[in-house]
Amino acid sequence: MVPRPPPLSCDTFVALPPAAPGGRVVFGKNSDRPADEVQEVVHFPAAAHPPGAALECTYISIEQVERTHAVVLSRPSWLWGAEMGANEHGVCIGNEAVWGREEVCGGEALLGMDLVRLGLERADTAEKALSVIVDLLEKYGQGGNCMESNMAFTYHNSFLIADRKEAWVLETSGKYWAAEKVEGGIRNISNQLSITTKIDREHPKLKEYAKSNGWWDGEKEFDFAATYSYVNTARMTTSGGRYCEGYKLLNKHKGSITSEIMMEILRDKESGINMEGGFMTTGSMVSVLPQQPNLPCIHFFTGTPDPARSVFKPFIFVPGITPLLKTTSPTFGPDDPVKKQPRFQSKPDRRHELYKKHESAAVVMETTKDKGKEMLKEIQELEKQKISQMESILQNGCLDTKQVVNLFSQCVEEELKIYG
């Protein structure tokens, strides 16, 4: 029996109507990563690419497509892909680390985080993004070190993919996979396989491979998590782990899940969802996806660790977005230790401006009671103000594109001003 890895992963959530009111889909994710890792928020506009162009991902090059969609991403600053993000069509994706009976590939291939970005760049619906990911998985495989370190940290991936109309869970084991269309209004994923007998799409040899390995007898009802996982899946929703606690929090608010409620869930420390320690929540995202196509999707990102003392800043896709300079990390080109062989021989300072100021502010919040309390109050007021403004846009359907191009960057400036 392979020992179970520690739960060093994330949590991703979705609420569909009627669990989320107002005909909206609400998506949320915490990215739990090594505590010293910098997460940046970056925007890439839609682009056309010449025939036969190559695309350099984190470790390998793959074939580029003719056209890519505009994306906004929250990502560990050393890699190409992303932990979470959204595209101009309202597709949102978050991924989780999962382990099971299938060995994790030791060689370099596509990271799960690369697959998140590829799904967003290449698909205009949630189900199309699922198809993009599984096709790339079949062609290139998944593998490679998922941490900026010469100590290997590898895993397979699960994904929660949402758009304005629906959501899908995609879980993988090597190149094998199962997908479940979300029904019942709420769904969350954490660092364990969670698709059981409701399988809406699957790898064509999923069951055959399990049978050939002696994991399934071909007689009893096929349960993906029970078959491909080495954990006791019957205990998943009753034990005190983050998957269970996340589901409880979603269920508690079912029928009234708004962006603010989703932020509250992501900030919950008692459940372990807002993680502290050597692995911690280094970035968070909440998206509101109205089902009415005339209304904009609104995506909130922190770009800083610990959502309990961070600001969720709004982003809306419009042409001519102001560059997100103060949440973008420095780049090092061919001299980057990730690019050089052997990899990860050193670690440069990847902190962006917001990260640095937030880092200093966090010390104040921890050590200077009155000043820290006042600072926390100010950033909470800033966030409430932005949520109110976004709600007004959704209620009135009135979007001033001249202001929206600066929306995220302006909020960053206001946050920096609070930090002094």
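E276 is exposed, with a relative accessible area of 57%; here exposed means over 50% relative accessible area, buried means under 20% and partly exposed lies in between, using a 1.4 Å probe and protein chains only. Its partner in a salt bridge is K269, with 3.1 Å between the closest N and O atoms, where a salt bridge is a side-chain nitrogen of Lys or Arg within 4 Å of a carboxyl oxygen of Asp or Glu. Salt bridges that share partners join K269, E276, D306, R309 and E366 into one network.

Before you go further, please note that this is a predicted model, in which local features need pLDDT of at least 70 and side-chain atom pairs count only at pLDDT 80 or more, while totals for chains, interfaces and linings use all residues. Residues are numbered from 1 along each chain as its sequence is written, and side-chain values use heavy atoms, with hydrogens and water left out.

**Salt bridges**

- The count of salt bridges comes to 32.
- K269, at 33% relative accessibility, is partly exposed, whereas E276 is exposed.
- K347 and D36 meet through their side chains in a salt bridge, at 3.4 Å from N to O. This pair links distant parts of the chain, 311 residues apart: K347 sits in the loop between β18 and α7, and D36 in the loop between β2 and β3 (39-44).
- K347 has a relative accessible area of 47%, so it counts as partly exposed, while D36 has 52% and counts as exposed.
- R187 and E180 form a salt bridge between their side chains, at 2.9 Å from N to O. Both ends are buried: R187 has 8% relative accessibility, and E180 has a relative accessible area of 11%.

**Strand β14**

- Strand β14 (residues 186-189) is covered on both faces, with I186 and N188 buried on one side and R187 and I189 buried on the other.
- β14 pairs with β1 in the antiparallel sense over four bridges; strands pair if DSSP finds at least two bridges between them.
- F13 has N188 of β14 as its bridge partner.

**Backbone geometry**

- P17 and P18 are joined by a cis peptide bond, with omega near 5°. P18 belongs to the loop between β1 (11-15) and β2 (24-34).
- The peptide bond from Q341 to P342 is also cis, and its omega is about -10°. P342 is located in the loop between β18 (313-315) and α7 (353-367).
- D306 is not a glycine, yet its phi is positive at about 60°. Its place is in the loop between β17 (298-301) and β18, and at 4% relative accessibility D306 is buried. D306 also belongs to the salt-bridge network described above.
- F344 likewise has a positive phi of about 60° without being a glycine. F344 lies in the loop between β18 and α7 and is buried, at 9% relative accessibility.

**Cysteines**

- The model holds zero disulfides, a disulfide being a pair of cysteine sulfur atoms within 2.5 Å.
- C244 is in no disulfide either, as the nearest cysteine sulfur, that of C10, is 18 Å away.
- C146 is buried, with a relative accessible area of 2%, and C244 is buried, with a relative accessible area of 2%.

**Helix packing**

- How do α7 and α8 (residues 369-396) meet? Their axes come within 6 Å and cross at roughly 125°. The axes are lines fitted to C-alpha atoms over the stretch in contact, and angles run from 0 to 180 degrees between N-to-C directions.
- α7 and α8 are therefore oblique to each other. Angles under 35 degrees count as roughly parallel, over 145 as roughly antiparallel, 65 to 115 as roughly perpendicular, and the rest as oblique.
- The crossing of α7 past α8 is left-handed, which means that the near helix is turned anticlockwise from the far one by less than a right angle.

Notes. Helix = DSSP H or I, 4+ residues; strand = E, 2+ residues; numbered from the N terminus.
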